[in-house]
Amino acid sequence: MSFLASLRKQDSDDKQDQQLHYLLTIDHLTSEMILRLCIASQQEIASIANKPYSLQREHLYRPPSFIQHSDKKILQELSDSRASWFNTDKGPLPENNTWSLLQEIIATQRCYLLHQNSVMAVKAGEPDTVYPYWSINTSGEYQLGWQLQENLNQYKLIFCTQKPKFYFTANDTAAIDSIVLGPVVFLEQHRQTPPRLNISVSDIDKYIQQRSKNWQKWALPRPPIVDTVVADTEIKPLLICHDKGTPQLSQKNSTGDIQLLFSLCSDKYCSLPQNTFDDCIYWDGKTLHRLAVDNKQGEHLKNTITRRLSAFTSPNNEKCIWYIQHQQQWQHLFTDLYAPLNKLNVSFCTEAGFRHHYAYIESWDVRIKERENGDLNLSVLLQAKDIDIELQEFLDQLRDFNYRSKDSHIYLQRSDGRLWLVPAGDVLNLMEELEDLDYSQDGFHLPHNQRHRLADIEHCTPASTHWSGDTEYLNESIELHKSPVVLNKTLDFIKAQLRPYQWLGVCWIQHMKQHTCNGLLADDMGLGKTLQALTHLAFEKTQGNLAKPALIVMPLSLLHNWQNEIKRFAPQLSCKIIHGSKRHDNWTELNNYDVLLTTYHLVASDLSYWNEQRLSWLILDEAQSIKNPSTRYSKAVREIPCEHKLCLSGTPVENHLGELWSIISFLMPGYLGSRREFRDNFQKPIEQAGDEKQMQRLLKRIAPFILRRTKDQIAKDLPAKTEIEQLIPLSSEQYNFYEQLKHETWQELQAKINEENESNHSIAALSALLKLRQACCDPGLFPDVDLPSAKRQYCIEMIEELVAENRAVLVFSQFTQMLDILDTSLAEKNISTLKLTGKTRNRQTMVDAFQRGEAPVFLISLKAGGTGLNLTRADTVIHYDPWWNAAAQQQASDRAHRIGQDKPVFVYKLIAENTIEEKIAQLQAQKMALSQHVDNQAQLNAETFAFKFEELLTLWEEDKNHEKN
């Protein structure tokens, strides 16, 4: 047989194998039986539900091969009972003679029942009797049902027009291949029964009494008596919000409406929302639970809520519906009315896609998680209606928020359209604290060297905020921010009577050490920072913590001062000065000493040695020396390995905030971010824009690591210090020389501005200003110029008077040549002097000589005399010329006004009238404000502190304007 012939034969055989099958199904909604016609082979029985056959009229006259003689009779009966059977594959069985037809269908042995997705063959069963019984639904209502005498779990009833007509076996546990289907029989007394009943348990007696005659005729059993429990019930008001309006009540111009409904709730059950306070009943299979409330109580609650909603228009008072006319009313509802309605236990319900969904943030949760590299992840979650919302989801919206807005809440909109209401003060304060941190899906990234910011971050969150995760870092930060514990003051290890604030300073250093932090002791000049540091080191030795030496780095001029202070106050501390050409000879013996002293310049040269030396402490005196992080010695001290660090400086900020960053970055690398980050986040906003908030943020951030006490706060027993600005008019000759020089320097400066690189403009301006300042001091500072100096003459006459009054005088000048001129002039007046400049090698000898009274006048260059001098014999200070750096000038004055001084101190600032010196004094006052704000942690007054090139140019212009006047 050929291949094609084989295919034709197989197709013919397949068609001959096709048969008509009858599939019975139970409608899951009506519980009635439906007949379906299918065509399939014997092998396709399991899937016959997917092979429908639509009855065709012509098939009754010319039946195809799959319709047998018995099928033709069945199909004819179906079409006779209902004409709609044609051209369809399914339909209900005829109401009359149904069982007879079913017997014919079952007799074909091609009848099946679809039960629980399984196709099972049907066999005919014998008629069986059904009996009535009562059940109770979950709503507490009696229902009339029917059952066979046999096991109810094995037999299922098929209802037809609310009464069972057939039964079939349905053993859900045993695997069966066929099902027995049979008709049901009613007892004579049960042939007439009421339709399906749903009667409340509380109404059953009344129902039976009203139908007593029929009840006897129906021969129905009495419903069982059940236990009833009255449950404690609470009224739950619900405010249903529609932004599209309630059907039949919508208003053309409204943005939606709200409807007040009530639910009755017990510990187990809750009724559906309703307008009334009718009782509700629930059946748990054993007991009826009645939810009942006092109608008066319900009406009172309803009226109270209605009064709260009186601002809205009500189209239907009876159904408690109100129109929402515009967006502001939605805001009023969810903001102003939310809290009072919430107190009345009103729940707000909104439909899907609601466009005005405002919700209060109910709680905050901050989760801390340590990363593998030691950094921390801060996940800030805002919680509302059981939803956790990541704060970083709203960062763009928060950045765009108008910070000048007086709104009490910020509206944050999620991608799903919901609007979350966050207290503006809380979230904005937190954002200001977090804005410099990187963030990702994991949260905000806090570098490990900024962990101590956690206390500031915690301070910006609401008091109820829940912290979780690695909270030990938060606790450490909070402890660091607390005041130091005052240790027992047993000072037998120091030969000095420490004042209370000085002992507190020692305790503060110990506090920083305890929390593995480094600090800056920034007390005013003359309050004993050296003594506090020595007391701390002596205390460390008594505790056995100086097994490795402490290194103290300082300017060269202070080496012997520190050595003398150690011998005087803490002789038990062995000390070694690392200085001179032979300083490396005994390097291996350094571990035999408690304290090592060296200078900033040498520490850079000896860095390779210090990198090999183990140190317990690295202390920087006059720490402003590292204000420029680019210098060799500033870089060197950052590389020296040590266990702890301490900085001492009375003037941590002399010119700009970058100097403060340099010191803090030495103590706590990375704590204020990189140099660029600090400049962008703090320095520029504060110095150039006068940003008060950023100033406060900076002060708050550095507060734990800086301890500063001023003389006004602490040393109240110091005598008064009086500062006097003395304006000195120049002689006509000197003034003409000054004006000519000013004109020439202006011409030269303009030429350089046009020729040189812009980065050199400020240097050129300062160089030109230097000449004008020298002309104010003394024309004799210029070669081949022989003109009298009004300021020098005034100064000499002033000193003559002071010496005659037995006063001791300090005279400071930036120009050492000016000091030489003054020295010569005073010698001509037979006034003896001492002189200290940067070239002086025997500094301490000079200081001791002045303190002994060997000369009434001490001439000191500003740079050489700004640090490390104790000149309490002097009661008068003269600043011959003003210097740009007001803080350095202040330090020089404090050589005399310090602890140990018992006389009032007068400070005179000599300023040439109508000259550049007047303008410098004004700018100096502005710069001094920056130092005071940082040092004293006071509020910023929006001044601009940095000297810009444009400001330097105005010094010439202001002088010119003064001439015109």
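**Stop 1: α19 and α20**

Select α19 and α20: α19 passes α20 in a right-handed crossing. This is a predicted model. Helix α19 covers residues 657–667, and helix α20 covers residues 675–687. Their axes come within 10 Å and cross at roughly 145°.

Now show the side chains at the contact. On α19, pick Leu-657, Gly-658 and Trp-661. On α20, pick Arg-675, Phe-678, Gln-683, Ile-686 and Glu-687. Colour them by class, and you get four nonpolar, two polar and two charged residues.

**Stop 2: α24 and α25**

Move on to helix α24, residues 790–804, and helix α25, residues 816–828. How far apart are the axes, and at what angle do they cross? They come within 11 Å and cross at roughly 50°. The two helices, α24 and α25, are therefore oblique to each other. The crossing of α24 past α25 is right-handed.

Select Arg-792, Cys-795, Ile-796 and Ile-799 on α24. They meet Met-818, Ile-821, Leu-822, Ser-825 and Leu-826 on α25. By class, the contact of α24 with α25 has seven nonpolar residues, one polar and one charged.

**Stop 3: α2 and α3**

Next, select residues 69–81 for helix α2 and residues 98–107 for helix α3. These helices pack at an angle of about 150°, with their axes 10 Å apart. Angles over 145 degrees count as roughly antiparallel, and α2 and α3 are therefore roughly antiparallel to each other. Look at the handedness here: α2 passes α3 in a left-handed crossing.

Bring up Lys-73, Ile-74, Glu-77 and Leu-78 on the α2 side of the contact. The α3 side is made by Leu-101, Glu-104 and Ile-105. How do these contact residues divide by class? Four are nonpolar, none is polar and three are charged.

**Stop 4: the largest cavity**

The structure holds one cavity of 30 Å³ or more. The volume of the largest cavity is about 30 Å³.

To find the largest cavity, select its lining: Trp-508, Ile-509, Met-512, Lys-513, Cys-517, Asn-518, Gly-519, Trp-617, Lys-645 and Leu-646. Which elements each supply at least two residues of this lining? They are α13 (500–514) and β34 (644–648). Helix α13 gives the most, with four residues. Coloured by class, the lining of the largest cavity shows six nonpolar, two polar and two charged residues.

**Stop 5: the second largest pocket**

Finish at the second largest pocket, which holds about 860 Å³ of space. Centre the view with Gly-528, Glu-565, Arg-568, Asn-870 and Arg-898. Of the 34 residues lining the second largest pocket, these lie nearest its centre.

Then select three helices: α14 (529–542), α15 (559–569) and α26 (843–852). Each supplies at least two residues of the lining of the second largest pocket. Which helix gives the largest share of that lining? Highlight α15, the source of six residues.

Note on methods
Residues are numbered from 1 along each chain as its sequence is written. This is a predicted model: local features need pLDDT of at least 70, side-chain atom pairs count only at pLDDT 80 or more; totals for chains, interfaces and linings use all residues. Side-chain values use heavy atoms; hydrogens and water are left out. Axes are lines fitted to C-alpha atoms, for helices over the stretch in contact, and angles run from 0 to 180 degrees between N-to-C directions. Angles under 35 degrees count as roughly parallel, over 145 as roughly antiparallel, 65 to 115 as roughly perpendicular and the rest as oblique. A crossing is left-handed if the near helix is turned anticlockwise from the far one by less than a right angle, and right-handed if clockwise. Contact means heavy atoms within 4.5 Å. Ala, Val, Leu, Ile, Met, Phe, Trp, Tyr, Cys and Pro count as nonpolar, Asp, Glu, Lys and Arg as charged, and the others, Gly among them, as polar. On a 1 Å grid over the protein atoms alone, a cavity is a set of points where a 1.4 Å probe fits but cannot get out, and a pocket is an open set with protein on both sides within 12 Å along at least five of seven lines; lining residues have an atom within 4 Å of a point. Grid points are joined across faces, edges and corners, and a volume is the space filled by probe spheres set on the points.
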